[in-house]
Amino acid sequence: MGMYTGLRVKVTVKEEYREMIDDINNGASWSEYTEQFPFLSKYAQQSRAGFIPRGSLCYMPDCWEV
């Protein structure tokens with residue numbers, strides 16, 4: 001078993017990205033937005049891209065689930 005790092009941040013998302021971020025937080029994948037936002041293409045192909053933002057909360061403090 002390895003070491004795990006968790007990050008929590010509070011950010012302001014630009015208006016043009018809010019719908020995408022909301023969808024991704026609710027289960028959409030990054031690849032669904034590569035046509036609209038081409039800069040995501042390379043990132044969306046990464047093997048664990050889906051871990052951001054959802055990740056694996058089982059290794060993080062319980063309060064992060066709220």
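Here is a short tour of the fold, the core and one surface patch of this chain. The model is predicted, so please read each value below as computed from that model. The protein chain has 66 residues, and its secondary structure consists of 3 helices and 0 strands.

**Overall fold**
- Among contacts between residues at least 6 apart in sequence, 37% link residues at least 24 apart.

**Surface and burial**
- The chain exposes about 5,800 Å² of accessible surface, and carbon and sulfur atoms account for 52% of that area.
- Buried residues make up 15% of the 66 in the chain.

**The nonpolar core**
- In soluble globular proteins, nonpolar side chains tend to be buried together.
- Here, the largest nonpolar core brings together 9 residues: Met 20, Ile 24, Ala 28, Trp 30, Tyr 33, Phe 37, Leu 40, Ala 44 and Ala 49.
- Ala 44 is a handy residue to look at within this core: leaving aside residues up to four places away in sequence, Ala 44 touches Trp 30, Ser 31, Thr 34 and Ala 49.

**A nonpolar patch on the surface**
- Leu 7, Val 9 and Val 11 form a nonpolar patch on the surface, and together they have about 370 Å² of accessible area.
- Val 9 sits in the segment before helix H1, which spans 18-25.
- Val 9 counts as exposed because its relative accessible area is 68%, and the cut-off for exposed is over 50%.

Terms used:
Residues are numbered from 1 along each chain as its sequence is written. This is a predicted model: local features need pLDDT of at least 70, side-chain atom pairs count only at pLDDT 80 or more; totals for chains, interfaces and linings use all residues. Side-chain values use heavy atoms; hydrogens and water are left out. Patches are made of residues with over 30% relative accessible area and no salt bridge: like charges are joined within 9 Å, nonpolar side chains (Val, Leu, Ile, Met, Phe, Trp, Tyr) within 5 Å. Accessible areas come from the Shrake-Rupley method with a 1.4 Å probe; for residues, only the protein chains shown count as cover. A salt bridge is a side-chain nitrogen of Lys or Arg within 4 Å of a carboxyl oxygen of Asp or Glu. Helices (H or I, at least four residues) and strands (E, at least two) are DSSP runs, numbered from the N terminus. Buried means under 20% relative accessible area, exposed over 50%, partly exposed in between (1.4 Å probe, protein chains only). A nonpolar core is a set of buried Ala, Val, Leu, Ile, Met, Phe, Trp, Tyr and Cys residues joined through side-chain atoms within 4.5 Å. Contact means heavy atoms within 4.5 Å.
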